[in-house]
Amino acid sequence: MFRTTKSLAAALALACTVSIPLPALALDAKQKEEIGAYIKEYLLANPEILMDMQEALQQKQTLAQQQQAASAIAENQKAIFNAKYDISLGNPDGDVTIVEFFDYNCGYCKRALSDMDAMLEADKNVRFVLKELPILGPDSLAAHKVSAAFRDLAPEKYGEFHRALLGAESRATEESAIEVAVKLGVSEADIRKAMAEKPHDDAVRDAYTLAQSLGITGTPSYVISNEAVFGAVGVDELRDKVANVRSCGKTAC
């Protein structure tokens, strides 16, 4: 039998599993079969190796994702932080801006609504930009179109509209969005006229393009300074990142 030390076997197991070529050894078929059997036996006896490798792979993928996002943020500052069709809440001249990509039918976005409100309540120097990313089907796109029309007609009430529609337990649709708009004093006729005259298709396209360049595949996702933050991370993490930006200019000091 082709024999090897335990440490070398472990190295062989790791090398084979991650598809790193072994040194050019002249192994015959029997030796290859014996090594394969040993690798399988070793991994079955030490499955934590696979968990360690999975963790290392995830860390590598996360790093690559963040590098992609950082490059996209540097190239798209105006589109991300100061797009003409986005509305910000909080302090319009705040020293730190948080941009949230959201969908009105995203359950995690609904839960993250309280994170935004907690940030704005506790920190009067934060600017919070709401960037609509309707990715969860036709109802989301229809609700977005109503939202865009409402934003044009009553921008001063957009925060109320946003909280009412996103905070509702029912699914956001064109009808439910119009109902919210009417309750806030904008008639259905005016909403429908604005939707027809200015559908804001460019805003949707730009949001999709930005999300793709940033590596965003779901909502909510945030951009804070030089970092894209994926998922509903909670108010404490958002606060920490804002504090770091103020301290050192980056989300991680």
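Predicted model: local features only at pLDDT ≥ 70, side-chain atom pairs only at ≥ 80, totals over all residues.
## Overall picture

The protein has 11 helices and five strands. Of its 253 residues, 42% are buried.

## Arg127, a buried charge

Strand E3 runs over residues 126-132 and includes Arg127. What does Arg127 lack, although it is buried? It has no salt bridge. Asp93 is the nearest side chain of opposite charge, and it sits 7.3 Å away, while a salt bridge needs the charged atoms within 4 Å.

Arg127 does have polar partners, though. Its side chain makes a polar contact with the side chain of Asn82 at 3.3 Å, and another with the side chain of Thr97 at 3.2 Å. Leaving aside residues up to four places away in sequence, Arg127 also touches others, including Phe81, Leu89, Pro92, Val96 and Ile98.

## The cysteines

There's one disulfide in the structure. It links Cys248 and Cys253, whose sulfur atoms are 2.1 Å apart. The link is left-handed, with -95° about the S-S bond.

How accessible are the two partners? Cys248 is partly exposed, at 35% relative accessible area, and Cys253 counts as exposed, at 61%. Elsewhere, Cys106 is buried with a relative accessible area of 4%, and Cys109 is buried too, at 0%.

Methods
Residues numbered from 1 in each chain as written. Heavy atoms only, no water. Helix = DSSP H or I, 4+ residues; strand = E, 2+ residues; numbered from the N terminus. Buried < 20%, exposed > 50% of the residue type's maximum accessible area, 1.4 Å probe, protein only. Lys, Arg positive; Asp, Glu negative; His and termini not counted. Polar contact = N/O pair within 3.5 Å; in protein donor to acceptor, adjacent residues only side chain to side chain. Contact = heavy atoms within 4.5 Å. Disulfide = S-S within 2.5 Å.
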